[in-house]
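We will go from the whole chain to its core.

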Amino acid sequence: MPAIPAIHHIAMSVSDLAVSEPFYTLLFGTGPAMTLADGPFQRRVFALADGQLFGLTQHEGAPDGDRFDPARVGLDHVGFGCADPDAVAAWRDHLDAVGIEHSGIVEADYGLALSVKDPDGNALEFFMLAG
C-alpha cells in the first residue's frame, strides 16, 4: 500500500464570494494568492503553511439559501492543527482582534478546540491533540 499523502488543498463551496473572501482574509491575515474562473464557478485560493491551499468556490446556479449543516452527509468541519496550548490561545486572540466570533477554547479529554463558523456556517476548528 502506498503512503497516505498529506492534504494538499481544501475547496469549500460558499454562497457569496463578496462576503466570504473578506471573512477568510481576516481569518488568515492575508488575501487570496490565486483567482480562478476556468469553469462555471469563481474561486479564490489562499496559500497556507507548508504549501497547503484553501479555496473558496462560488458555483453558478447554486441553490439559493443553501447553508452548511454538519449533520448532512459530507464535510463536518475543517480542523487546523495547533502545536500547543499557546498556539490555540494565539488563534483565540487573533479572532478577538479581528472581530470574528468563536466558541472560546474548549478543553476535552482528547485535546483543546477553538471553533469558528464562516458566513455560510461552514465549521472551522483550531485544534491541539492531547499528549
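What share of the 131 residues of the protein chain counts as buried? The figure is 31%. Keep in mind that this is a predicted model.

**Whole chain.** Show the cartoon. The protein chain has 2 helices and 8 strands. Starting at the N terminus, follow the order β-α-β-β-β-β-α-β-β-β. The radius of gyration is 16 Å, close to the 14 Å from the globule rule for 131 residues, so the chain is as compact as a globular protein of that length. Along the principal axes, the C-alpha atoms fill a box of roughly 45 × 45 × 30 Å.

**Surface.** Now colour by charge. You will find 6 positive and 19 negative side chains. The centres of these two sets lie 5 Å apart.

**Core.** Hide the surface and select Tyr24, Leu27, Phe54, Leu56 and Leu124. Within the largest nonpolar core, which has 22 residues, these five touch the most other members. Next, colour the elements that each supply at least two core residues: helices H1 (17-28) and H2 (85-98), with strands S4 (53-59), S5 (78-81), S7 (111-117) and S8 (123-129). H1 gives the most, with 5 residues.

**One residue.** Centre on Leu56. Beyond its neighbours within four places in sequence, what is leucine 56 in contact with? Its partners include Met12, Val14, Leu17 and Tyr24. Also among them are Gln42, Arg43, Arg44 and Phe46.

**Last view.** Zoom out again. Of the contacts between residues at least 6 apart in sequence, 48% join residues at least 24 apart.

Terms used. Residues numbered from 1 in each chain as written. Predicted model: local features only at pLDDT ≥ 70, side-chain atom pairs only at ≥ 80, totals over all residues. Heavy atoms only, no water. Helix = DSSP H or I, 4+ residues; strand = E, 2+ residues; numbered from the N terminus. Rg over C-alpha atoms; globule rule 2.2 N^0.38 Å. Buried < 20%, exposed > 50% of the residue type's maximum accessible area, 1.4 Å probe, protein only. Contact = heavy atoms within 4.5 Å. Lys, Arg positive; Asp, Glu negative; His and termini not counted. Charge placed at Lys NZ, Arg CZ, Asp CG, Glu CD. Core = buried A, V, L, I, M, F, W, Y, C linked by side-chain atoms within 4.5 Å.
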